[in-house]
Amino acid sequence: MNLTPIWGSLTVFIICPLLGGLPLIDWITYTITGRHLSKLGTGNISVSAAFYHGGKGAGILAVLSEAAKGIVAVLLARAFFPAGSVWEIIAIIALVMGRYWMGKSAGTTNAVWGIVAHDAIAAGLVWLISLISFTIIRDRTLGKYGALVLLVVIIGLRNPDRLEYAVATLALASLLAWIYQNIPDDLDLAATTENTSNSKMFRFFQGDQNILTLNNKLDADQVGSKAANLSLLKRQGYSIAEGWILRPGDDLRALVAKLEPAKESPLIVRSSAIGEDSQSASAAGQYLSILDVTTKEQLNSAIIDCQASYLQGNALEYRRHSRQAEESMAILIQRQIAGVYSGVAFSRDPVDRLNDGVAIEALPGKATKIVSGKFTPQRYRVAIPEAELDSDRPIVVTQENLHDDAEAIPQKIIESVAILAREMEDLFEGIPQDIEWTHDGKQLWLLQVRPITNLQPIWTRRIAAEVIPGKIRPLTWSINQPLTCGVWGKLFTIVLGNRAKDLNFNETATLHFASAYFNATLLGTIFRRMGLPPESLEFLTRGAKFSKPPLSSTIRNLPGLWRLFKREWNLIKHFQSDRQSLFTPILTEIEAQEVAELSPPEIIDRINTILELLDKVTYYNILAPLSFALRQSLFKVAETELDSSQTSEVIAVSSLAEIASQARKILGTKEITLDSSASLFAHIAENPEGTSVMEQFNLWLNKYGYLSETATDIAVPRWRDKPGIPRQMFTRFYFDAHGAKIAQSASISAQSWKAKLVQKRLDLKSQVGETYNKLLAHLRWSFLALEQQWLDSGLIQNSGDIFLLRLEEIMAVVNNSDRELIQQLPQLIAARQQQWHREQQLIPVPKLVYGQPEPSVWTAPAVNPRQKFQGIGASLGQIEGVVQIVSSLGQTKRIDHQTIIVVPYTDAGWSPILARAGGLISEVGGRLSHGAIVAREYNIPAVMDVTDATKLFHDGQRVRIDGQTGIVEILE
């Protein structure tokens, strides 16, 4: 067998990419200049970058090294295949791929000299025609892509009978064209290079058509965010005045010569500094804007004056104060719009941060009147309906300060401006935007758009409301926040590696209004670095759907994703190992020792042990649901194919229903006059046969007493602390045979191999949740034991006070390390108690919070009356029934299969109520929440994430819910 073709193909596909990836240019430039190209300019390791940053010597050596690569690749192919074969072109393709993926460059020089070695005549023709065309046309983009087209045509014409040559060349040209679209061009750097000997060459190859306009795709790192944002908007079809950009360092003469300012069409010269109009600093009013430029002389002077404003004292002080690096300034020149009405608009109010309206300031005339501060503008507030089911509600415009003699701005214009402001917010990933606008009497023009800097970061209740629901006391948060932030930080660092070094994961979550919020801005940054799509932030803030991430970003994150995949793949094995060696033995030891018998230092040791375990379990408690959701989505396994009957909450309810059913058979119901838990348990205690029933109930309570309505909040009593709640559930099952029947879950007859793979992750999720909840319960009981000792000693006065302290404060008191804290403890607790009572009244809390709001100014918005509401369909089926608001498990309302319960949230402890209901509406949650899982287990329709549901509906109201579409409808 002739092995030459095999070895040849292996050489082409392995050696050539590695050859392309060799960073010879970087080594050459570093040897000459002591600097790495990857940290300069565009970051490209290319021939043009070597010329630009390293000078003529480095550039020439770079050309020679990359030309040699192209020639060597062809010669390697020629060593195994006939000279001139199509394998030479394939070798060039492999070389260019390696050059891009590993060497951070397009590989144009490699391709050119590879083609020279393959077919010198074709290469010469392409070079000659391209050079002549570029000299005449002077359009760099056309010249670049035109050369690729010429290459395909000429190679094809020189090999008319061999189609594979044209196909291979087309593949090479397409690859290069794709790379050109995905990397910055070094020729976009200022023509005034660091080495002046190269300036003329750069200006020639940049071409006369290189004057940037707002029609070009612009990079904010090169021309500033102001110009880049307007370019993006103009290319998307928004009304943006025609504009040109002078990059930092470029000669202004070519641009001045091109433009023709006149009295009939004046120009405006504006700054577009690097760092201006960014998320952290607006630089508003720091640099000059010069209007009414009508001659070339004025234009020349205006550009110079605008550039000089970058070095003015106030601008230097602003950048120092806002910690901005000293960069450079581009100049933006635009056609000046003759505004009839002008103003500014804020998609979210930067002062009244909790007001959901668009804030607009406007005046007749030019926009500069508003921003100058010399005129008092008219103020408007515009309420725009956002929900799909609110689309028929009108836009409401409120005028706040119109004087009798002032000319009112037409309402249609104000409405259009408000809609435009919200469109800008949507376009820029949900970040509130500040826009400048003008209306010329015919149409609305957008002059500027930038983030509102004091509304950062954005905090969202989405996801947080389900993970840590309800109002949260200081002790709970001082434990949950570092656990949650720490584990998420570890997971993100696994994927991002060194790119996570500048991220502060401790800022992942915070409390507002005693409620948990996630940092959507930080998470949006993380998602973008992970290569997830731009709407990631909108997913967090508004529930937008994800699209597929770009292939290039996925490839970039492959090492990190591989590390995460290995952990996900071994998740069950690692958890079982930790459970066997750590969780079960230590939990057994904790359960065997009565915490009341321990001294305060011993209790602290016990708490520290539990916290160490929780740090490990929290990792599993976050990754296991993610793994389950990922596999369910990947394998497209429906919830109906999965068996949730082994979750601890479902087993607890089924066991309780079975005990109630057996008790009813033994004791009957005739002798019990009142349908109440007190009368039932009194009857059980008086009946000789009731002893076995009480033994079974107490065993059940001892086993499942760690559950509660909010397992993640250690301040919330467990069932063992308040046995009245499970007693009420037992009573309902005792008197309601229907309840006992539905508690027997339907089994899954036969699962597909895909469903079995997903089922394993669902079972893991349940096992992890059980361990996690048990540890939190023992953590609560440890703090309660410590609190009792403090109550006995008089250190604190009331039960529950310990939950108003933070963990580090409790540690300091026990260790006697802060005498001042101990002395001030009563006052501290009293102040926290007052704050807690105030924040408990703040219901409902806003879904989004911008910046750092003042809780005292928050008032819940009026509920808009509607007939239909959109949530998340979480359990299939439709039902019409009667609403029963259940705000907590302590409520003793009668619930049956005609009852649709409306709850603020659901946790494992809500299972007994869910098991008896006919349908579920929850204010928060999704398809993976406890309520959704239990609802599917008992085949009752469920709709999650209906904001303010406990306020929108009332007891006795008839509604219809659709568990598939997520629509809830009030029936007349």
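Predicted model: local features only at pLDDT ≥ 70, side-chain atom pairs only at ≥ 80, totals over all residues.

Entry one: helix 22 and helix 29. By that term, helix 22 passes helix 29 in a left-handed crossing. I looked up the geometry of helix 22 (residues 571–592) and helix 29 (residues 753–793): the axes cross at roughly 25 degrees and come within 11 Å. That makes helix 22 roughly parallel to helix 29. I then listed the residues that meet. Helix 22 brings L571, I572, F575, Q576, R579, F583, L587, I590 and E591, and helix 29 brings K760, R761, L764, Q767, V768, T771, K774, L775 and H778. I sorted this contact by class and got 9 nonpolar, 4 polar and 5 charged residues.

Entry two: helix 23 and helix 30. Helix 23 (residues 600–635) packs on helix 30 (residues 807–814) at about 150 degrees, with the axes 10 Å apart. That makes the two roughly antiparallel. Helix 23 passes helix 30 in a left-handed crossing. P600, P601, I604, I607, N608 and L611 of helix 23 touch L807, I810, M811 and V814 of helix 30. By class I find 9 nonpolar, 1 polar and no charged residues here.

I placed E66 in helix 3 (residues 47–78). Is E66 buried or exposed? E66 is buried, at a relative accessible area of 1%. Its side chain makes a polar contact with the side chain of R99, at 2.9 Å. Leaving aside neighbours within four places in sequence, I find E66 in contact with L24, I25, V47, R99, T109 and N110.

Terms used:
Residues numbered from 1 in each chain as written. Heavy atoms only, no water. Axes fitted to C-alpha atoms, helices over the stretch in contact; angles between N-to-C directions. Helix = DSSP H or I, 4+ residues; strand = E, 2+ residues; numbered from the N terminus. Parallel < 35°, antiparallel > 145°, perpendicular 65-115°, else oblique. Left-handed = near helix turned anticlockwise from the far one by under 90°. Contact = heavy atoms within 4.5 Å. Nonpolar A, V, L, I, M, F, W, Y, C, P; charged D, E, K, R; others polar. Buried < 20%, exposed > 50% of the residue type's maximum accessible area, 1.4 Å probe, protein only. Polar contact = N/O pair within 3.5 Å; in protein donor to acceptor, adjacent residues only side chain to side chain.
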